[in-house]
Amino acid sequence: MNFLKLPNLLFITFAFLIFCNLLFSQKLDPKGRDFFKPDHIIKSEITNKDYLIHMSFPKNYSIKDSITYPVLYVLDGKSTFGYFESKYIDSEKIEDVILVGISHKVYGIESGINRFKDYTPYRDTITERRFEKKFGVEKGTIRTGGADKFLECLKKEVVPFIDKHYKTNSDRGISGHSLGGLFTSYCFVKTDNYFTRFGINSPSFQLNEEIFLEPAIIKFSNNQNWDIKPTKVFISTGEDESPMMVSNMIKFSLYLKKSNYHNVDMDWKIYRNESHTSVIPFSLNGTLTNLYGKQ
């Protein structure tokens, strides 16, 4: 070793340690927070909506070290965050991952209206009229087809906020149930590698069957190479959900499996004796154990 260079090496090492300390000292410390209250409220200039953020952290998460973590973004977070650290989750089987629940700040019918707009990939006027009658609201109240804008909101507003304030890395996943499952499948089929892990649970394919599901199946059937990064996908539904929801989920899963993409690792499951609502904690656990299961 050239001992004349040793002081320079020590200086560089010391400077690097100071830089790392400054870098992570700027991150927020989740200790002492109230798990049952939103961690943040993000106002989107892209969708003009407010979003609640509920988070869960690995038990050894600390702002005092340089460890970074993958992130799973879970749609409809205000109705699912209670399961993040519950008995339903096989935490011992899951790698360390930060969970970020995203949901609309509004409640009731207004929340449903926002979900239809944000989570649906294409305009569907038949669905709009049907649910306006179901909700008892005026014609034109429900609008579909806003998935592109919501995805832009995630990429430009929500994810950058989380990355700025917490110890994340570029390994991102997204998971959703029902309309959220439809949005997640849209992110997967249209992937640009921004997300590489997808939990598609009880997807509402029946809403955009002709303009989303059928083209997706044609894509899977073409047996062409799909030039994307290594990607994990988990798809699920409950046995007691509507026959159309179950059959469409099976169709999507079988064609994707049959495509045999070398860079897509996928699995699917039908949960016995579970309904559209009761299946939620089981599908979340299935998403975590399949996408982040310990080797």
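Mentor: The largest nonpolar core has 58 residues, and those with the most contacts inside it are Phe183, Phe188 and Phe252. A nonpolar core here is a set of buried Ala, Val, Leu, Ile, Met, Phe, Trp, Tyr and Cys residues joined through side-chain atoms within 4.5 Å, and buried means under 20% relative accessible area, with exposed over 50% and partly exposed in between (1.4 Å probe, protein chains only). Helix α5 (residues 147–165) gives the most to this core, with eight residues; helices (H or I, at least four residues) and strands (E, at least two) are DSSP runs, numbered from the N terminus.

This is a predicted model, in which local features need pLDDT of at least 70 and side-chain atom pairs count only at pLDDT 80 or more, while totals for chains, interfaces and linings use all residues. Residues are numbered from 1 along each chain as its sequence is written, and side-chain values use heavy atoms, leaving out hydrogens and water.

Setting aside residues up to four places away in sequence, Phe252 touches Ser185, Phe188, Val189, Ile200, Phe205, Leu213, Ala216, Phe220 and Ile235, where contact means heavy atoms within 4.5 Å. A second, separate core has 16 residues, including Leu72, Ile94, Leu99 and Phe234.

Strand β4 (residues 98–104) is largely enclosed by the rest of the structure, because seven of its seven residues are buried. Ile98, Val100, Ile102 and His104 point one way from β4, and Leu99, Gly101 and Ser103 point the other way. Strand β2 (residues 50–56) pairs with β4 in the antiparallel sense over six bridges, pairing requiring at least two DSSP bridges between two strands, and Leu52 stands opposite Ser103 in β4.
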